[in-house]
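Colleague: I'd like to learn how to read a two-chain model feature by feature. Could you walk me through this one?

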Amino acid sequence: MHWFKRKTYPEFWNNYASHFKRAQSQELEKIRFMVFDTETTGLETKKDRVLSIGCIAISQLKIKVSDQLEVYLKQELFNADTVKIHGLLRDGKLTKIDELEALKEFLNYIEDAVIVAHHAAFDVAMINEMLKRNDLPKLKNKVLDTGHLFQKTKIDTSKTHFSLDELCKRFHIPMHDRHTASGDAYITSLLFLKLLSLLNDKNKLKLNDLLSPVKRIGLL
Amino acid sequence: MNTIAERIFDYLKAFPPFNLLTRSQLFAVSERVDVIYLEKDKYLFEIDKPVEDHFYVVRDGAVGLFRENNSLVDECDEGDIFGLRALLRTGLYKLNAKAIEESIVYSISSELLEKYITTNKDASQFLMASFASNTRVKQADDNDFIESLNRSSEYTYLQTADYSKNPITCSIHTSVKEAAQIMTHKHVGSIIIVNDNKPIGIITDKDLRTKIATGKFTIDDKVSAIMSSPVITYPETITVAETQIAMLKNKITHLCITKDGTDNSELTGILSEHDIIVLRENNASSLIKEIKRSYWPEQLKDIRERTETLLTKYLEQDIPIDFISKLVSAINDAITQRIIEFALTEMDSKPPTKFTWLAIGSQGRQEQLLMTDQDNALVFEDVEPSKYEDTKSYFLKLTDHINHSLEIVGFELCPAQMMANNPKWCNSITEWSQQFKSWIATPDQDNLMLCTIFFDYEHVYGDTSLVNQLSEQIFESIASHDIFLTYLGRNALQNPPPLSFFRQFLVEDDGEHKDQFDIKSRAMMPLVDAARLLILSHNIKSTNNTLERYEKLAELEPQNKDTYIFCLESYKNLLRFRTQRGLANDDSGRFIDLESLNKSDRLRLKRSFKAVKSIQELIKTRFKLSQLL
């Protein structure tokens, strides 16, 4: 009869989980956002693997260059087809760490920050698969998707899916280091700040407004 | 790894003061940047809010700095720094910073940068200039800060001259023979005659050649018979620059160094021209010597061209511009003097009366560094009415020779005929006094323009008493026409300075953008005009040089010292800048291509606009011009 016995987790997970005991603030100025991006061997969350994770934090609505994380992972799986996108070679000169080590650093870094990513569902799923492979639960953080936030602005309702490239062009965000995890995370963070200021015209925007589904925005 | 910090590093390294930091210093700064996104019209900081421990660099877009009444102080574009008040650590913001376009701004830790920058001379000077360019006149609380940065960055070129500390001396009772034996024994070319260890005379190798070897005196005569006396003395703190000027001015090759700088104190050293040559490979004085030995204008042309090379070298060595302009003026004067001597020998007879040759305009102010056109005039002593015609035609013939020889040397003829061979500007002292009097009595636009040219006259050749007479009469005329200075004041305010630079434009006070910059009329002339006006209002004669005028004004009006020093520094910068531009482009350096300006150039120029603004405000108040304008 082990159904009541809780699984025990490594210390780094417990540390991570402990951050969620305090309530998340609703004031955007007081929230630590963690904008991130992953480079992967492909787009299938079950089969493909994460090659690198780039993260940058936003506090007081400022991008904190000092509060960032950049990790490269050792993976057995290698897909020559995606190398031309992210430029990450199987060996290469970068220092690489294994998945468990990467998760340790990642969780230790993000704490209870609100996760922001472009098409966040994919990147979050990739991380969750990684956690699963290492016998750990899913991420506990709140997640914001910049694609979703753009829909909320109602600037362009012609379609529901906009690529990071399309949005950067639309908002004149310079696209340096596109398709490196850190570079994309930085571009996404600029896009995120821009979207916040568009949505925040009355200065009353709260975190819940951002988390709410798109269709409700018209009723606010 | 921090890819983002690397990108920020790559961006910042293109701009001062960041380009002056070491790689690891700049990387440490870049790693701690905060990136701020600003919508159009959003404020980054506001007046009377406490300063933060960050200052800002525009990454994309543009940020405007505004005063309380919403008047624009500056527009900052990509790479511009603002919010430097943070470096003072305390106090409140004095300006509003508002995005005038959608902008991305880097916020940089002032603490970290200060740590690196106070140990970096170039970087601290740059920041000082940036900060001061947005502070109209230095304020008391800023002084400490500027002072502390200044201390770490003293000009090395103003080093004190390295003089011989063991001068060879003898007493007044020594014979020439004994003195020569001492000099030979000690391998020196000069000996100082002292009395109670105070210098009273000097003998050099040249004296032995010209006075002994020629048989004029014998070797048994006492040194007092052949020594040059009194000696020129300076204190121990004399700089290389001062030494050169003193030697040029007095046409000597040795200076005595004494305890208090007068010949009434203890001799501590001797400074020879040779010491200076060794200190700094310098040949301005040898150029002057060559000028004196020349026989025709063509030779002088070559010397004047070599002066240009020397000028380039001095500018590269960062030698103070006031010193450079004095040297170049000394050379120009020597050339003119030599040419006048040539011209006099060409004449059939000696001059019928005393005369004096005046340099006017920029040459009269000793600010003519580049070869621009000549401006000059001639004054001759009054003669009997019956002799007037002959006298005038004699001098017109003489001046014609001079003007054309100057043209051969490379000083182009003045297109406006402001030259001594123009019958209008070759006059007797009485005619000149009348001329000035009529300009002063009827200060219309044309006359004021002539005043601005002819008031800056400098004696170059001939009788100095005529110049003094002229100056006295001019001041008398001014004193009896109160309103004149008011008109001259209004004239000095005709050209308000631009506000700032923004991308490839010049921003005017009303926010208008222009794409051309005339450094002479927009920045230099207003400072020149202001200095002339103020110095005339103090009845100061014969101070023509703009820098010297500001120095004098700072001394006369301690309450306005900051403003005058500010103008002085700005004028130095402008003079240097224009000369560099002129030499580089082989033109007058007057029109500036805005795209060619880098950030530090813009800052330096911008700072000079503030100087013009502050001096014009001072003039407006002093001469009660607000009603008149």
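**Reading the model**

Modeller: Let's start with burial: in chain A, buried residues make up 36% of the 220 residues. A residue is buried if 20 or more other C-beta atoms, placed from the backbone, lie within 10 Å of its own, exposed if 12 or fewer, and partly exposed in between. Keep in mind that this is a predicted model, where local features need pLDDT of at least 70, side-chain atom pairs count only at pLDDT 80 or more, and totals for chains, interfaces and linings use all residues. Residues are numbered from 1 along each chain as its sequence is written, and chains are lettered from A and ligands numbered from 1 in the order in which they are written.

Colleague: How many helices and strands are there in chain A?

Modeller: Helices (H or I, at least four residues) and strands (E, at least two) are DSSP runs, numbered from the N terminus. Chain A has eight helices and five strands, in the order α-β-β-β-α-α-β-α-β-α-α-α-α from the N terminus on.

Colleague: What does the contact between the chains take from each one?

Modeller: Two residues are in contact if their C-beta atoms, placed from the backbone, lie within 7 Å. Here 18 residues come from chain B and 18 residues from chain A. On the chain B side, α1(B) gives the largest share, five residues. By class, that side has nine nonpolar, four polar and five charged residues. For the classes, Ala, Val, Leu, Ile, Met, Phe, Trp, Tyr, Cys and Pro count as nonpolar, Asp, Glu, Lys and Arg as charged, and the others, Gly among them, as polar.

Colleague: Which strand of chain A is joined to β1(B)?

Modeller: Strands of a sheet pair through backbone hydrogen bonds, either parallel or antiparallel. The criterion is at least two bridges found by DSSP. Strand β3 (residues 62-72) of chain A is joined to β1(B) by two bridges and runs antiparallel to it, with K64(A) opposite D34(B).

Colleague: And how do α12 and α22 of chain B pack?

Modeller: Axes are lines fitted to C-alpha atoms, for helices over the stretch in contact, and angles run from 0 to 180 degrees between N-to-C directions. Helices α12 (residues 297-316) and α22 (residues 561-585) of chain B pack at about 130°, with axes 11 Å apart. That makes α12(B) oblique to α22(B); angles under 35 degrees count as roughly parallel, over 145 as roughly antiparallel, 65 to 115 as roughly perpendicular and the rest as oblique. L311(B), T312(B) and L315(B) in α12(B) meet R576(B), T579(B), Q580(B) and L583(B) in α22(B).
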